[in-house]
Each structure stands twice: as structure tokens, then as C-alpha cells.
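Welcome! Here is a short tour for someone meeting this structure for the first time. Take a look at it below, and then we will walk through a few spots together.

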Amino acid sequence: MKLGPVVLLAVLIPLALRAARPQQTAPYTYQGTIQAVQLKAGSLDLITGVGMALRLVHVQTTSGTHIANGSAPLALGDLKPGTVIRAECHPSDQGPVADRIEKVAMP
Amino acid sequence: MSRSPVVALLVATVSTNHCNKPVDAGDPLRGLSREEQDRFRRGRVVFDSVFTPETGLGPLFNAVACGECHEDPAAGGSGDEVEVHATAFRAGAACDPLAGEGGPVIQLNVTPALKAALGIDSEPFPRDATGRGMRTSLAIFGRGLLDAVPDAAILGYADPADRDHDGIRGRPNRFVDGRIGRFGRKAFVPTLDEFNAGAFVAEMGVTDPAQPIEETIGGAPIPPGVDPVADPEINQEQVDLTNDFVRFLAPPSPAPLTNEGRQGRELFSRIGCAGCHIPTLRTGDSPTPALARKTFFAYTDLLLHDMGADRADICLGLATPSDFRTEPLIGLRFAKRFLHDGAATTLEQAIKLHGGEATGARDRFNGLAGAGQAALIAFLKSL
């Protein structure tokens with residue numbers, strides 16, 4: 001009866017692979033460089049990535065998004081292209097929405 | 001930064017291996033544990049694995065295997081491939097890597113399925129690009145040692161304001177998240193593992209757990225059905241093994257120096273090459289004893305330097321189009337083309353094409369008598 005382990009693996013491997021995929025519904029923190037800020041739309045484009053595989057992430061803000069530089073609060077308009085930020089986001093149908101954005105201090 | 005010519009003294013003290021047998025190109029570091037040696041061997045198998053569309057290749061790619069571009073004279077060596085990078089540089093603005101248009105790596109090949117869907121043979125060159133960078137495939141020997149050099153050591157060589165008035169203004173680049181970079185021709189990527197993880201995606205179109213998202217086709221989504229393999233297309237164990245293979249690749253032992261080579265080594269320091277191509281670096285702590293607190297021949301400061309307008313191509317991070325990382329000269333004798341774009345086919349040409357902060361050293365090389373120039377080249381050919 002060698003089929004038993006094979007059947008078990010056939011069930012478990014897809015489950016394991018699914019578990020390994022990124023959870024699109026989970027909160028996610030992006031750290032990257034601002035490429036552009038759209039003040040009217042209340043959003044920004046962030047360059048993130050790994051090595052030379054870079055990606056552009058469009059992050060939406062809301063009136064509840066807390067933006068800060070250390071303990072000093074900032075407005076979206078204070079963020080400029082080239083600034084490095086950490087954005088704690090939750091997912092939405094339109095993409096990531098920032099709950100908190102912090103300017104990253106350069107060592 | 002002025003440095004005394006201590007290279008000759010260091011030759012007697014720098015240890016790259018634990019026995020007298022020279023380390024050949026493609027050999028692992030000496031002093032690896034049995035388990036690390038096993039991971040090196042298994043990692044080489046992944047490194048040399050040929051990907052197909054059915055195993056994750058593409059739909060955009062430059063090569064079908066790590067070993068396709070890093071093969072000469074052994075796995076981890078150089079290749080004859082030249083790839084294309086593109087970014088947008090606008091004075092007064094941050095460098096745009098054109099990530100939304102498929103940059104900065106512009107893949108030169110597509111899978112049959114993508115060609116059938118879009119009728120293209122390569123990724124479209126970004127319309128907003130202001131520069132095109134040609135990049136040769138480097139040997140990657142000794143990169144684990146470079147990875148283990150502390151950031152503080154790199155920053156210690158920086159002199160962006162040229163406080164010592166030697167005309168050399170080394171400065172670190174930073175990745176998009178702000179960390180100090182060291183890998184790639186623009187010193188953009190902070191760690192070896194990240195460079196490798198990014199290379200699976202950017203060079204082969206093989207997504208991995210660190211970057212599970214395929215890039216767009218010049219900004220447009222991949223057509224349905226073109227890339228049916230589920231992301232990530234390789235697992236973390238495969239990435240980890242590849243990382244260990246690359247990390248454990250030893251720097252080849254320099255060839256024995258002739259009298260001429262010894263004279264060239266002294267000239268290398270005296271005319272100022274060693275101002276940027278710092279002969280030795282020292283690693284910090286590492287979980288791998290073979291990488292921990294080792295002094296090794298690197299011939300780099302891992303910093304950006306202005307190389308002059310003639311060699312300028314693209315920006316990346318804080319690097320302007322004319323800024324390039326000091327190239328490590330590890331395994332230089334195996335290289336067949338030189339400089340980031342392969343513009344030089346001889347070491348003499350490569351030196352003469354140095355500009356910017358290297359102008360002084362280049363001019364002093366040009367001012368050497370023929371025998372002096374030959375001695376310096378003999379030294380470089382020993383590395």
C-alpha cells in the first residue's frame with residue numbers, strides 16, 4: 001500500500017505552498033523611497049523591492065493616517081520625493097492603505 | 001584619502017587560506033564546516049540549474065541560470081553577457097529607477113508564451129529613461145567576505161567633502177529603504193542575500209519568497225496565461241542554498257609575484273590606485289567562522305566615486321550617472337573585459353579610461369615609463 005504517503009503528500013504539498021505565499025490580506029509594512037506624492041488624491045508612490053528587483057507601490061492615505069518624523073507630526077505635503085519612509089498599511093480592494101507613515105532617519 | 005604603501009607588508013600577513021595549496025577559482029573558502037561544505041556543493045547545483053518556463057523562467061529574463069552568466073573559469077566566474085539597465089536622472093530630483101516601467105533591469109529575452117502574446121523579443125526600453133547602462137557579468141568570488149565587512153568599516157573610508165584634499169571623495173550609496181549599499185556596480189544593494197534574491201527575479205524572472213511579484217512588462221501587467229507557474233517560483237531552501245554557494249566562494253589565491261610584479265604592486269600604491277582600490281578589508285563577526293574577522297585582499301572601498309563624464313550612464317539610489325563603486329579586483333586575472341560596461345579589453349585601456357576622481361592616478365600611470373606601466377599591469381594580472 002504505497003499510495004497512502006503519496007496521497008498524503010499530494011494533499012499536504014499544495015497546502016504548504018499556499019501557506020508560503022504572501023498573505024495579501026494581512027497588514028504589511030513597506031520601507032522605501034518616495035517616488036511621487038499626489039496631494040489631491042492623498043496618495044504616494046513608493047519604491048520598494050529586493051536587490052535589483054524593484055517595485056512601485058501605490059499607497060493611499062486617509063484622514064486617519066498618522067504621519068510623523070520621530071515625535072513631530074507631519075502632513076502628506078511634507079513628504080518629498082527621495083524621502084525614505086516606513087508605511088504600515090492594511091489592504092483594500094484599491095491596494096494598500098497607510099495607517100501610519102514614519103520618516104526614516106538616515107544613520 | 002592618503003594611505004601609506006603597506007601592501008608589501010600585508011602580503012606576508014594576510015591569510016586567505018589555512019594551508020599552502022592555492023585556492024583555485026570556484027573553490028570554497030577554507031575552514032568551512034562539513035555541513036557548510038555540503039551546502040556549498042548543493043548550492044552550486046541550484047546555481048547551475050537551468051530554468052524553463054515550466055519551472056518559473058520569465059516571462060522576461062536575461063539568462064536561464066545563474067551559471068549562464070557566472071561560469072568562466074568556474075561556477076561563480078564571469079560571463080560574456082552584457083545586460084541593459086535604465087533609470088531617469090533629473091538634476092535636483094531623486095533618481096528614478098523606473099520601477100513602474102520595468103526598470104532598472106531591462107530584460108533582453110522573453111519566453112515563447114510572452115512573444116506569442118505581445119510579439120516582443122525583449123522588454124520595451126522605458127520611454128522615460130534618461131540613460132542606458134551596459135553591465136558586464138562579473139566574477140563573484142569572495143563576495144561573502146565583502147558581505148561580512150561592517151558598514152562602519154565602509155563609512156570609515158568615506159570622505160565626501162575631501163577633507164584630506166587628495167581629490168578622492170568616496171561616499172556610500174543607499175538602498176531604497178535607506179540602508180548602506182555595497183553590491184552592484186553602483187553599490188546599491190546592502191547584502192549578498194538580497195542581491196541574489198533580486199537576481200533570481202530580475203535576471204531569470206524566477207520569483208522567490210523575498211520578491212514573489214513578477215515585474216510588469218514595461219509597466220503593463222503580464223498577459224493572462226503567459227506565466228502559469230505559481231509565485232514564488234522557487235522556495236526559500238533553494239534561495240538559501242544558492243546564497244551559501246555564493247557566500248562560501250573563496251577569492252582565488254593571487255598568482256606568485258615576479259620581481260616585475262612586486263615593483264608593480266609598489267607602484268599601485270605609489271601612483272594612487274590604492275586610494276580607492278584599498279588592498280585589504282577586514283570582516284566583522286559572522287556566524288560562519290570562515291568569514292569572521294578575516295583580513296582579505298579586496299582592492300575596493302565599496303564606496304562610490306565619480307569616474308568622469310566619459311563613463312557616465314545611469315543614476316541609481318544616491319549614485320549619479322558618473323558615480324561607480326570601486327570595483328573589487330578579486331580574481332582580476334580571469335576577467336576578459338573591464339569596467340562596468342566592458343568598454344576595455346585590456347587592463348591598460350581600463351586604466352586609461354578612468355576619469356573623475358581617478359584622473360590623478362590615471363595621469364600618473366600615463367607618466368610612468370614603459371617598464372613601470374608593464375610592472376603595474378603584471379601586478380594586476382596576478383590578482
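Where in chain B is S78(B) found? Keep in mind that this is a predicted model. S78(B) lies in the loop that runs between α3 (66-69) and β2 (79-87) of chain B.

- The relative accessibility of S78(B) is 13%, and buried means under 20%, so S78(B) counts as buried.
- Leaving aside residues up to four places away in sequence, S78(B) touches C69(B), H70(B), E71(B), D72(B), S137(B), L138(B), A139(B) and F334(B).

**Helix α8 of chain B**
- Helix α8(B) covers residues 236-248, and its 13 residues should span 18 Å at 1.5 Å a residue; the end C-alpha atoms are 18 Å apart, which agrees.
- At the start of α8(B), the backbone nitrogen of E237(B) has a side-chain oxygen of N235(B) within 3.1 Å.
- Among the buried residues of α8(B) are V239(B), L241(B), F245(B), V246(B) and F248(B).
- The buried residues of α8(B) pack against α2 (34-47), α3, α5 (143-147) and α7 (192-204) of chain B.

**A hairpin in chain A**
- In chain A, strands β2 (residues 43-50) and β3 (residues 53-60) pair in the antiparallel sense, with eight bridges.
- One of the residues to look for is L44(A), whose bridge partner in β3(A) is V59(A).
- Two residues sit between the strands of this hairpin, and G51(A) takes a positive phi near 55 degrees there.

Note on methods:
Residues numbered from 1 in each chain as written. Chains lettered and ligands numbered in written order. Predicted model: local features only at pLDDT ≥ 70, side-chain atom pairs only at ≥ 80, totals over all residues. Heavy atoms only, no water. Pairing = 2+ DSSP bridges. Helix = DSSP H or I, 4+ residues; strand = E, 2+ residues; numbered from the N terminus. Buried < 20%, exposed > 50% of the residue type's maximum accessible area, 1.4 Å probe, protein only. Contact = heavy atoms within 4.5 Å. Expected span 1.5 Å × (residues − 1). Polar contact = N/O pair within 3.5 Å; in protein donor to acceptor, adjacent residues only side chain to side chain.
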